[in-house]
Each structure stands twice: as C-alpha cells, then as structure tokens.
Amino acid sequence: MAPGKKGILERLNAGEVVIGDGGFVFALEKRGYVKAGPWTPEAAAEHPEAVRQLHREFLRAGANVMQTFTFYASDDKLENRGNKITFTGAQVNEAACDLAREVANEGDALVAGGVCQTPSYLSCKSEADVKAIFKKQLDVFMKKNVDFLIAEYFEHVEEAVWAVEVLKETGKPVAASLCIGPEGDMHGISPGECAVRLVKAGAQIVGVNCHFDPMTCVNAVKMMKEAVEKAGLKAHYMVQPLAYHTPDCSCQGFIDLPEFPFGLEPRILTRWDMHKYAREAYNAGIRFIGGCCGFEPYHIRAVAEELAPERGVLPAASEKHGNWGTGLEMHTKPWVRARARRDYWENLKPASGRPLCPSMSAPDGWGVTKGHTDLLQQKEATTKAQLKQLFERSMNH
C-alpha cells in the first residue's frame, strides 16, 4: 500500500463509503478476452492491456478497490473440463496482481486479492485439498503484498469458511462474500447464519456478490447484518450484485435463467437504477458498495455520483456526465432537451422494444448442488456422450 493511503478497515471504521469495481469476466468476454464457459482469467497474462484498461475505467468511475482479476484462477479451475491454457496459475495470479497495483497507484485505490469457489469442493474433495488450493493463490498475494483479501463467489458457506480460515492466517484484512440471495446458500443455510459463521471464522467484512440483482442482494445483506448484531458480533458489510434484473430467479440465481449467459442484455439495469441501489445499500448500513457481472464503469460512476454527498467527491468520469441528465441541455433537439431533469429519468419505465418477449422467464431449476453426482468435475473435456445426455435432459425438463 502506498504511503499515506488508508487501509480498508481504517476507511470502514471511520464510516467512509468504499466503492468497489465492477464485473470483469462478463465485460472482458464481451470485449473478446475471456471465454464464456470456463470464465477463467488468463487474459491478465495474455492480454494485460485489456485488463489494465478496464481497471482504469473503473478507477476513473470512482472505484476505491481494484480487485485482482483472479476469479477462477485456481489451478483446478484453470484446467477443468478440457480448458487449455498456456500460462500457469501462478503466472496468471502474479500478472493480475501487478496490473491491479499499477492502476491502484494511479489514484486513491486499494488492491484486493480474491479467491473463489473451486471445482474441487463441488467434487467433494477434502477440506485439506480445498484449503491447499486457496493457499497456492494466497502465496502469490502475499508475494505481491496486496492490501486486503476477499473470499468471494461462494455458493456454500462451508467452503467460504474454509477460505476465510486460510486467508486470515496472513494477518491481512479479510472480506467474505457469498453468491446467495435471501433463501440462503445452496444447502439452505440462511444468510444470517452464513454471516455469523464467516465472522466467527475471522472475516471482518461480510456480504454477498453476483447471482442476484441489487435490491435482492441488499435485502440478503440486511439479513446478515441483523443476525451478526443479534449474535453480539461486529463486522462491516459489503454488496457487489449483478447489473441484471432477476425477480424471477430461484435460489441458484441468474445461472438458472434460460438467458444465461448470452441473452441477458434486456435485463440490464440503467444508470438511474444504480442510483436507487446505491442509496438503498447506504441506508441499510452497507459501506462497501460495488458491482459484479454486468456492471460496467458507467454503473459504478452512477453509484459514486449518488453517494458523492457522503464521500465529498465526484469521480473523474463525472466530468463527462451531467448530473441526472443535465448534459442534455445542450442537445440539438428540443424534446431531448426536455429530458434534462431528474424526475424524467427517475420515473422512466424503459421499454425493451421486444413485443414478442415475456417480461420474466421460467428458471431451469435442476436442483443439484455439491454432493450430487451431476456436479462432479473432471480435468478431461466434456464428451459428446455426456453432452447428449444433458441435451436430452434439458429438453425433457
């Protein structure tokens, strides 16, 4: 951490708002640098200029945290189901740390090293085996001296607790974020109980990320906060949701939606939706507020603009953005100039332009999770016979 910068706990203990970054795997997949399916982050080593640029855009939008692009960067995930890589896990993790630090040093941002759920856990490997995978990534984070650590995107609190137990051994601040909604984790453990277990394991910041839309995630974190306080424990709270509307999701979240992952664009939240999200999160007592899949820099800018009164600063990207559409005052068309006001955008109900499409979908809901044979992972590529079986099951579901 650069001299003079306050650490993550110092900021949160002072009541400051910390703004996280957005979603890297979805953004870089759309830009042609990440492959949908494995969703692995070898772009940090293959195309560092793309990762660096996205970091810079989030920094300019107001983010105070540069998360290392190490999502699914464990060795077992990098080599899962026939995924071919030309870089080792260590090389990917080191490159990601260097990029995050380079950009963080360009502003008032911290670097967070992140680990997430593993194929080994889904395949029912032992606690020791799973912890060894986290430890391997952690060695790189310590070598690169990240500012704090995040265990994020966990569907099962058991595995998240294992991750926290490994991360806390470093002495660095630890955040833990589950990809769950109000129904709890994939084994039915409530958000409140999940949070209590994570805090007892050593996490100083707890919350949720991904899988659900902002308001759903805020509600889940409220449940966490209530349970932690009831247990007489103390923690800070974070939320980094999807940028997609998910009112029709089951407990598995957006992965169950038939539009996942290539047809989600009609569900995207507007920048004005993000203003509402930021305010709801802040009012709920959440002070680490960011985004996950679908969040682009303009979404993070909206969060930063909504919370500018509390933070005392606007992001650099606001130089090119009139507050609540006021830049439209300069438009050539009078009916567009008439939209240069907050009440217009705040009350707009956007149309999709798709007259034959429903407003909501029916989630797949196969109902399998860790412990089910369908989720056993393999290093070899998925075979044609395995795919045929899945196609038939999907059509008959």
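This is a predicted model: local features need pLDDT of at least 70, side-chain atom pairs count only at pLDDT 80 or more; totals for chains, interfaces and linings use all residues.
Residues are numbered from 1 along each chain as its sequence is written. Local features need pLDDT of at least 70, side-chain atom pairs count only at pLDDT 80 or more, and totals for chains, interfaces and linings use all residues, while side-chain values use heavy atoms, without hydrogens and water.

Helix H10 spans residues 191-201 and is mostly covered. Helices (H or I, at least four residues) and strands (E, at least two) are DSSP runs, numbered from the N terminus. Eight of the 11 residues of H10 are buried. Here buried means under 20% relative accessible area, exposed over 50%, and partly exposed in between (1.4 Å probe, protein chains only). The buried residues are Pro 191, Gly 192, Cys 194, Ala 195, Val 196, Leu 198, Val 199 and Ala 201. Their cover includes helix H9 (157-167), strand E5 (174-178), strand E6 (205-209) and helix H11 (214-230). Just after H10, Gly 202 takes a positive phi of about 125°.

H10 and H11 pack at an angle of about 60°, and their axes lie 7 Å apart. H10 is therefore oblique to H11. Axes are lines fitted to C-alpha atoms, for helices over the stretch in contact, and angles run from 0 to 180 degrees between N-to-C directions. Angles under 35 degrees count as roughly parallel, over 145 as roughly antiparallel, 65 to 115 as roughly perpendicular and the rest as oblique. On the H10 side, Pro 191, Gly 192, Ala 195, Val 196 and Val 199 meet Ala 220, Met 223, Met 224, Ala 227 and Val 228 of H11. Contact means heavy atoms within 4.5 Å.

The largest nonpolar core has 102 residues. Such a core is a set of buried Ala, Val, Leu, Ile, Met, Phe, Trp, Tyr and Cys residues joined through side-chain atoms within 4.5 Å. Phe 69, Leu 198, Val 239 and Phe 254 have the most contacts inside the largest core. H9 supplies its largest share, eight residues. A second, separate core of 12 residues includes Leu 12, Leu 110, Ile 150 and Ile 205.

Phe 154 lies in strand E4 (residues 148-154). Phe 154 is buried, with a relative accessible area of 0%. Leaving aside neighbours within four places in sequence, its contacts include Val 115, Phe 134, Ala 160, Ala 163, Leu 178 and Ile 180. The C-alpha atoms of Phe 154 and Ala 316 are separated by 33 Å, at 162 residues apart along the chain.
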